[in-house]
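User: Hi, I am new to reading structures like this one. Could you walk me through what is shown here, one step at a time?

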Amino acid sequence: MSYEFDFTDVFAAWPELLQGMLNSLVLSTLAMAIGMAVAVGGALGKTSGPKPLRLAIDGYIELIRNTPFLVQIFLIFFGLPALGIRLSSNTAALLAMVVNVGAYGIEIVRAGIESIQKGQIEAGKSLGMRPLQTFRYIILKPAIQAIYPSLTSQFILLMLNSSVCSAIAASELTAAAGDIQSRTFRSFEVYFVVTCMYMAMSVFFWSIFDGIERAFLAKPTR
Amino acid sequence: MRELGPNEILYILAAVRWTVLLSIVAFLGGSVGGVLVALARTGEIKWLRLAATGYIKVFQGTPLLMQLFLAFFAPGLFGWSVDPWSAAALGLSLHASAFLGEIWRGAIENVPVGQWEAAASLGLRYGPKMALVITPQAMRIAIPPTIGFLVQLVKGTSLASIIGFVELTRAAQVINNATFQPFKIFLLVALIYFLICWPLSAYSKRMERKLLAASR
């Protein structure tokens, strides 16, 4: 191997990389939070809404799950202006991520709702629990236990997927990498470092989520 | 500026073959790699098991786009220059190896312990045990998630456009740059992806339900 590695230019750009990483995290967290609101609304609509609404939600889920995220971003960023809706690249990126994660979230939340059986709620009532207590101990905790693993892995997938937003030049980590590599021509070094940064974020969230699960959501062993 | 005419539509439609071909190549490459990863992950050699786990974690913990960038730039370190097609095929194959490996590991581990013991008590060695007893049963469990991953892979090929491979998404960008009809063009492209992916998703879902019903 005759290639000479040179990371100096990449490391010199650390403020840019750090800012990019921060932006990626903010973008993903924001998208997840809004996306969850969409997911809860969609799941309620799907389980107890009127038929046309249920069909519309099904259509939304299938459309999003069966088309690439990149094409969804392009439609929102390049396509919507044709309809008179002009968004900045960051807003378009956030909107695309919300629309995307919302579709996956609906199915997750719905599974959580369906994991609660009617008999358990009745059991709570017959134990003399007040409605708030029933909600807290009988509905909320088991539902969260049921959806927690899919929800947290969905967040990590979303965070990794946010790198695709660089395609419309949203300000996040991959776009920062693109800027640095076009300036320094150290393509491999830049993308290697940035890949490690994504890996570090994943490992961080894996362990945080795992810790939370063990501390608060561990099911009693039988 | 050009009009969005039949020729332009045809150019986009013709690019579908590259999306399909890239998906097939990546799926085949990923299948070979996936078998190796799954066997290493479930095998009895400790360092192989650790290596396979690490391989899976790295590909699950980094964006596919980064994997494609590295597949594009890393061969340059050895003085090989790769074209976008080879880089995309390589990157997606390695990516698929990790995910298929993890899916198939789960399927292998789902085969009841009694079956392993039965195979061992029949005196079957590792090769025949895996080929004749474990794999046929694991395959049934593995089909729905494998098809589900194939959908992810088809969608993932769109990222090859970012490293410059002219498949469906890139072809749409090229036509959009000439005609500037982004809404129509990307809607058409989304529809084409949908027509490829939706039947696969539906099939995967149906198989999963069937399997669930059979296990009750």
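**Walking through the two chains**

Analyst: Going from the N terminus on, the elements of chain B run α-α-α-α-α-α-α-α-α, where helices (H or I, at least four residues) and strands (E, at least two) are DSSP runs numbered from the N terminus. This is a predicted model, in which local features need a pLDDT of at least 70, side-chain atom pairs count only at pLDDT 80 or more, and totals for chains, interfaces and linings use all residues. Residues are numbered from 1 along each chain as its sequence is written, while chains are lettered from A and ligands numbered from 1 in the order in which they are written.

User: How many helices and strands are there in chain B, and how many in chain A?

Analyst: Chain B has 9 helices and 0 strands, and the secondary structure of chain A also comes to 9 helices and 0 strands.

User: What pLDDT does chain B average?

Analyst: Chain B averages a pLDDT of 94, and 100% of the residues score at least 70; pLDDT is the predictor's confidence in each residue, from 0 to 100. For the complex, the predictor gives an ipTM of 0.93 and a pTM of 0.92.

User: What do the chains span along their principal axes?

Analyst: The C-alpha trace of chain B spans about 75 × 50 × 25 Å along its principal axes, and the C-alpha atoms of chain A fill a box of roughly 75 × 50 × 30 Å, taken along the principal axes.

User: And what share of the residues is buried in each chain?

Analyst: In chain B, 41% of the 216 residues count as buried, and in chain A buried residues make up 37% of the 222 residues. A residue is buried if 20 or more other C-beta atoms lie within 10 Å of its own, exposed if 12 or fewer, and partly exposed in between, with the C-beta atoms placed from the backbone.

User: Is A14(B) buried or exposed?

Analyst: A14(B), which has its place in helix α1 (residues 6–14) of chain B, is exposed, because 11 other C-beta atoms lie within 10 Å. A14(B) and A171(B) are 157 residues apart in sequence, yet they are 8.9 Å apart in space, C-alpha to C-alpha.

User: Where do the two chains meet, and how many residues take part?

Analyst: The contact takes 32 residues from chain B and 33 residues from chain A, where two residues are in contact if their C-beta atoms, placed from the backbone, lie within 7 Å. On the side of chain B that touches chain A, the elements giving two or more residues are α3 (46–61), α4 (64–73), α7 (126–156), α8 (168–179) and α9 (182–215) of chain B. The largest share of that side, 11 residues, comes from α9(B).

User: What classes of residue are on that side of chain B?

Analyst: The side of chain B that touches chain A has 23 nonpolar, 8 polar and 1 charged residues. Here Ala, Val, Leu, Ile, Met, Phe, Trp, Tyr, Cys and Pro count as nonpolar, Asp, Glu, Lys and Arg as charged, and the others, Gly among them, as polar.

User: Since α9(B) came up, how do the axes of α4 of chain A and α9(B) cross?

Analyst: The axes of helix α4 (residues 69–79) of chain A and α9(B) come within 9 Å and cross at roughly 165 degrees, where axes are lines fitted to C-alpha atoms, for helices over the stretch in contact, and angles run from 0 to 180 degrees between N-to-C directions. That makes α4(A) roughly antiparallel to α9(B), given that angles under 35 degrees count as roughly parallel, over 145 as roughly antiparallel, 65 to 115 as roughly perpendicular and the rest as oblique.

User: Which residues meet there?

Analyst: From α4(A), V71(A), F74(A), L75(A), F78(A) and G79(A) meet residues of α9(B), including P182(B), F183(B), F186(B) and Y193(B). By class, this contact of α4(A) with α9(B) has 11 nonpolar, 1 polar and no charged residues.

User: Last topic: how many residues of α4(B) are buried, and what covers them?

Analyst: α4(B) is mostly covered, with 10 of its 10 residues buried, among them L64(B), Q67(B) and F73(B). What covers the buried residues of α4(B) includes α8 (173–184) and α9 (187–217) of chain A, together with α3, α5 (84–110) and α7 of chain B.
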